Amino acid sequence: MLLKGKNAVITGCLKGIGRATMELFAKNGANIWACCQFQDTDFNKCIDNLKKMYDVRITPLFFDLMEYEQIKTAVKTIMSTKEPVDVLVNVAGMTQDALFHMISMEQMKRVFEVNFFSQILLTQYITRLMLRHKSGSVINISSISGIDGNPGQLSYSASKAAIIGATKTLSTELAPSGIRVNAIAPGVIKTDMTKGLPDETFKRLMNKSSLKHLGLVDEVGNVIVFLASDLSSYITGQIIRVDGGIG
C-alpha cells in the first residue's frame with residue numbers, strides 16, 4: 001500500500017475525481033479527511049464501506065468553499081485531532097461556461113472563488129500544519145483548459161491557469177520546508193462536468209486525442225496517489241497532463 005499510515009485532506013469527495021481519489025487513497029492505506037459541500041446518503045454508505053474494507057479512518061467534513069469561515073472551522077476540526085497532515089488534494093471545482101462577451105463579472109468571480117481563492121486559503125491553512133513536521137505533498141487539480149485554453153470557458157480556463165501559476169510559485173517557496181507542490185491537468189474525463197460539453201467541442205478534443213476516448217476518474221486518481229506517495233519524492237513544481245495525448 002503506497003500511502004499506508006499517511007493522513008490526507010481531499011476536497012470534492014462527493015463525486016467524480018474527488019470520490020475516486022478518496023477510494024484509491026483508502027485502498028492504499030491512507031487516513032482521510034473527506035471534504036464535501038453537503039451530506040449525501042450514498043456518500044455516507046461509501047465511507048462506511050471503505051472504512052470496513054481497508055481499516056482506515058475517514059472523517060467527513062462538510063463546508064462551502066464560498067464561505068471562508070466554514071473552511072476555517074473545518075481546519076480547526078482537523079487541528080483538534082493533533083494528527084499530522086501529510087497530503088492535501090485540492091479537487092473541488094466548478095465551471096460556468098459562456099462565450100467571452102456573454103460572461104458576467106459575477107459569474108467570473110464565483111468561478112475564481114471556488115476554483116482558486118478558496119483553494120489557496122485552504123492550502124495556506126493546511127501547509128502551516130505541514131510545516132510543523134517539515135514534510136508534505138500538495139496536489140492541485142488544474143485542467144488542460146488552463147494550459148491550452150478552450151472556447152466558451154474563459155472563467156474556468158483562467159482560474160485553472162491561476163492554479164498552475166500558484167503551483168509553480170508555491171513549489172519553490174515550500175521546498176526548503178520539505179513540502180512538494182504539483183498539479184494535474186486532466187483532459188476530457190468521464191465526469192458530470194464533461195457531460196455538459198457541446199458536441200462540437202467534444203469531437204474536436206477527441207480528434208486531437210491520441211487515445212481517442214474519454215479518460216476515467218481512476219486514471220486521474222492513480223496519478224494523484226503517485227504524487228502523494230514517496231515514489232514521487234523528487235518531483236515538485238510539475239504540471240502533469242492526464243489527457244490521453246491531447247497535448
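## Briefing: sheet, cores and a buried asparagine

Leaving out neighbours within four places in sequence, Ile224 is in contact (heavy atoms within 4.5 Å) with Ile17, Thr21, Phe25, Val89, Ile139, Ile141 and Ile184. This is a predicted model, where local features need pLDDT of at least 70, side-chain atom pairs count only at pLDDT 80 or more, and totals for chains, interfaces and linings use all residues. Residues are numbered from 1 along each chain as its sequence is written, and side-chain values use heavy atoms, with hydrogens and water left out.

**The cores**

- Ile224 is also among the residues with the most contacts inside the largest nonpolar core, along with Met22, Phe25, Ile32, Ile58 and Ile184; this core has 34 residues. A nonpolar core here is a set of buried Ala, Val, Leu, Ile, Met, Phe, Trp, Tyr and Cys residues joined through side-chain atoms within 4.5 Å.
- The elements giving two or more residues to this core are β1, α1, β2, α2 (41–54), β4, β5 and α9 (217–228). The largest share, 6 residues, comes from α9.
- A second, separate core has 26 residues, including Leu61, Phe63, Val85 and Met94.
- As a rule, nonpolar side chains in soluble globular proteins tend to be buried together.

**The sheet and its helices**

- Seven strands make an open sheet with parallel pairing, in the order β3-β2-β1-β4-β5-β6-β7. Helices (H or I, at least four residues) and strands (E, at least two) are DSSP runs, numbered from the N terminus, and two strands pair if DSSP finds at least two bridges between them.
- At the edges sit β3 (58–62) and β7 (239–242), each pairing on one side only.
- From one strand to the next, the twist averages 15°. Axes are lines fitted to C-alpha atoms, for helices over the stretch in contact, and angles run from 0 to 180 degrees between N-to-C directions.
- β5 pairs with β6 (residues 179–186) in the parallel sense over 6 bridges, and Gly136 stands opposite Ile179 in β6.
- Helix α1 (residues 16–27) lies across β1 (7–10), β2 (31–36), β3, β4 (87–90) and β6, at about 170° to β1.
- Helix α6 (residues 154–174) lies across β5, β6 and β7, at about 160° to β6.

**Asn140**

- Asn140 is in strand β5 (residues 136–141) and is buried, at 5% relative accessible area. The classes are buried under 20%, exposed over 50% and partly exposed in between (1.4 Å probe, protein chains only).
- Its side chain makes a polar contact with the side chain of Thr167 (2.9 Å). That term means a pair of N or O atoms within 3.5 Å; within protein, one must be able to donate a hydrogen and the other to accept it, and residues adjacent in sequence count only if both atoms are side-chain atoms.
- Not counting residues up to four places away in sequence, Asn140 touches Asn90, Ile163, Thr167, Val181, Asn182, Ala183 and Ile184.

**Helix α8**

- In α8 (residues 199–208), Thr201, Leu205 and Met206 are buried. Those buried residues fall within an arc of 130° seen down the axis, so they line one face of the helix; the arc is that of the directions from the helix axis to the C-beta atoms.
- On the other side of α8, Asp199, Glu200, Lys203 and Asn207 are exposed.

**Two lysines with positive phi**

- Most residues other than glycine have a negative phi.
- Lys82, in the loop between α3 (68–80) and β4, has phi near 60°. Lys82 is exposed, at 74% relative accessibility.
- Lys134, in the loop between α4 (105–131) and β5, has a positive phi of about 55°. Lys134 is exposed too, with a relative accessible area of 55%.
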